[in-house]
Amino acid sequence: MAGETEQNGGRPTRGKGRPVVAKSAREALRPKEGTPPPKRSRQSRNQFVVFLNFLMSSVIFLVIAAGIVFYFGKREFEAPGPATSAETIMVRPNMSVREIATQLERENLISDTRIFLMGLRAYGADSRIKAGEYEIKAGASMHEIMELLESGKSVLYSLTIPEGLTVKQVFDRIAQTEELSGELPAELPPEGSLAADTIRFTRGLDRAELVEKLKEDQAELVQSIWERRAEGLPIDTVEEFVTLASIVEKETGRADERSRVAAVFINRLKKGMRLQSDPTIIYGIFGGDGKPSDRPIYRSDIEKKTDYNTYQIDGLPPTPIANPGRAALEAVANPSRTDDLYFVADGTGGHVFAKTLKEHNENVARWRRIERERRQQAEEAAGEADGG
């Protein structure tokens, strides 16, 4: 090496005679250049690939966004609703789901129409909503409301038709029931042809339809009991059967004595005696409107001749005097086996029965005495009240 140094005039050399170039301190401290990045391939620069990358990124973004929307939407759909008290809503036939949702939001039963509609669509319920009147409970969620509207469990109302009403009185009740709709038939059905029952119905039931149902139910009931009647009854037709049952219905409301009251009238018919029933006097005078509650029966009423007054006519009246119920019909079809021919009120809400006129007159005298005592007590009570 000493020889090489000398041969190059004292300048150091590095490998194969190349001279070593001295660097300044600044150049020695300068960092070396790194490896340059590889050049982008032609494929990565292709516009179609760029579009695919953008599309995939967009899809991922949309999926994430949809998941977030679904999560919060589902939570809102199943969360308690804003209603603070139970409310009813009417879903009319042919209403669109958007109209239903708008009505629900307007009445503060749901918080958001859009979420409710999306929930219906997600569950496939938008085509299964049933018309009707529904009661929405306080705090009901949109999910619970959806299930209720799907179920068709509408609010039910009831109308009670008591035994013993006339057809006219039944029509008055039906006319006054606001939840029903439509007009009543122009003509009254025959007396005694409407069933005594409690009807459960949804709002909007047609009045004429209800009357038709009452007629059908009564006809079916009468026929079924008539076919099971006892032998030997002095009644020839179904019409006579219903007529006598209507008289029994008006004479007593006690279940334990209906069949005995029926037996009295059956025994009288067999003997050719007049029925002498007070309710027939009333119907003959007042018809289907009924007697005012504060009007007594006068002696002149008993003597008044009408087609229905069984004190004045033989046998049965021409038509029923009311709509008899099942118990009265059963009592006439299968009356008690007794020889009773008379009965009169006993002062306790029931009747006392007799086989002979003598016994009956004694019972009547006892009843009149009870009536006098009651009137006297009422007058004394009224006098004390006036004096006070």
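**Figure 1. Ile297 touches Asp278, Ile282 and Ile302, residues up to four places away in sequence not being counted.** Contact here means heavy atoms within 4.5 Å. The model is predicted: local features need pLDDT of at least 70, side-chain atom pairs count only at pLDDT 80 or more, and totals for chains, interfaces and linings use all residues. Residues are numbered from 1 along each chain as its sequence is written, and side-chain values use heavy atoms, with hydrogens and water left out. Ile297 sits in the loop that runs between helix H11 (278-286) and helix H12 (299-303). Helices (H or I, at least four residues) and strands (E, at least two) are DSSP runs, numbered from the N terminus. Between the C-alpha atoms of Ile297 and Ile282 there are 7.9 Å, although 15 residues separate the two along the chain. Ile297 counts as partly exposed because its relative accessible area is 32%; buried means under 20%, exposed over 50%, and partly exposed in between (1.4 Å probe, protein chains only).

**Figure 2. Helix H11 has its buried residues packed against H9 and H12.** The buried residues of H11 are Pro279, Thr280, Ile281 and Tyr283. After H11 comes Gly287, with a positive phi near 65°.

**Figure 3. The largest nonpolar core has 29 residues.** A nonpolar core is a set of buried Ala, Val, Leu, Ile, Met, Phe, Trp, Tyr and Cys residues joined through side-chain atoms within 4.5 Å. The members that touch the most other members are Ile235, Phe241, Leu244, Phe265, Leu329 and Val332. Two or more residues each come from helix H8 (207-226), helix H9 (238-251), helix H10 (258-271) and helix H13 (326-333). Which residues does Ile235 contact, leaving aside its neighbours within four places in sequence? They are Trp226, Glu240, Phe241, Leu244, Ile266 and Val332. Another core, of 22 residues, lies apart from this one and includes Val91, Leu104, Ile136 and Leu149.

**Figure 4. A nonpolar surface patch involves Val59 of helix H3.** Phe51, Phe54, Leu55, Val59 and Val63 make this patch, which covers about 490 Å². Patches are made of residues with over 30% relative accessible area and no salt bridge; like charges are joined within 9 Å, and nonpolar side chains (Val, Leu, Ile, Met, Phe, Trp, Tyr) within 5 Å. Areas come from the Shrake-Rupley method with a 1.4 Å probe, and for residues only the protein chains shown count as cover. Helix H3 spans residues 47-78. Val59 has 43% relative accessibility and therefore counts as partly exposed.

**Figure 5. Arg114 and Asp112 meet in a salt bridge through their side chains.** A salt bridge is a side-chain nitrogen of Lys or Arg within 4 Å of a carboxyl oxygen of Asp or Glu. In this pair the N to O distance is 3.3 Å. Arg114 is exposed, with a relative accessible area of 61%, whereas Asp112 counts as buried at 17%. Throughout the whole structure, a search finds 14 salt bridges.

**Figure 6. Asp256 forms a salt bridge with Arg254.** The closest N and O atoms of the pair are 2.8 Å apart. Is Asp256 buried or exposed? Asp256 is exposed, because its relative accessibility is 56%. Arg254 is partly exposed, with a relative accessible area of 32%.

Figure 7. Glu362 is partly exposed at 41% relative accessibility, and Lys358 is exposed at 59%. Elsewhere, Lys168, Asp172 and Asp289 belong to one network, joined by salt bridges that share partners.

**Figure 8. The protein chain contains 14 helices and 8 strands.** Of its 388 residues, 33% are buried. Among contacts between residues at least 6 apart in sequence, 62% join residues at least 24 apart. The chain exposes about 24800 Å², and carbon and sulfur atoms supply 51% of this area. The average pLDDT (the predictor's confidence in each residue, from 0 to 100) is 87, and 84% of the residues score at least 70. Over residues 1-9 the pLDDT is below 50, and this stretch has 4 contacts in the model beyond near neighbours in sequence. Where pLDDT is low, the predicted coordinates should not be read in detail.
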